[in-house]
Amino acid sequence: MPTRTVPRYSANQAVSFLGGMGKILSLQPDSGTWTDAIEMEMAEAPEIGRLGAETMIILHETEIQGVRN
């Protein structure tokens with residue numbers, strides 16, 4: 001597999017993936033591809049409020065389906 005020296009996406013870019021949508025927080029090269037830390041969009045707050053921060057997931061660049069407009 002050839003190494004991608006330039007990431008396909010950039011920080012702060014809104015993207016979609018299986019399971020949701022979010023914004024790329026950071027990128028890191030990883031075994032010939034890039035791994036992205038993505039902050040998922042939050043749904044409306046429940047009546048009892050939130051106990052924690054937003055959800056962040058780590059995905060390989062190939063798991064991101066595309067850019068949101």
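Predicted model: local features only at pLDDT ≥ 70, side-chain atom pairs only at ≥ 80, totals over all residues.
Among the facing residues, Pro29 stands opposite Trp34 in β3.

A hairpin is also formed by β1 and β2, again with 2 residues between the strands. Here the turn contains Gly19, whose phi is positive at about 110 degrees. Strand β2 covers residues 20-30 and pairs with β1 in the antiparallel sense over 4 bridges. In this pairing, Phe17 has Gly20 of β2 as its bridge partner.

Strand β1, residues 14-17, pairs with β5 as well, in the antiparallel sense and over 3 bridges. The contact includes Val15, whose bridge partner in β5 is Val67.

These pairings can now be placed in the whole sheet. Strands of a sheet pair through backbone hydrogen bonds, in either a parallel or an antiparallel arrangement. In this model, 5 strands make up an open sheet with antiparallel pairing, and their order is β4-β3-β2-β1-β5. Why does one side of β4 and of β5 lack a neighbour in the sheet? Strands β4 (56-60) and β5 (64-67) stand at the edges and each has a single partner strand, so one side of each remains without a neighbour in the sheet. On average, neighbouring strands of this sheet are turned by 45 degrees against each other, with direction ignored.

Methods: Residues numbered from 1 in each chain as written. Heavy atoms only, no water. Pairing = 2+ DSSP bridges. Axes fitted to C-alpha atoms, helices over the stretch in contact; angles between N-to-C directions.
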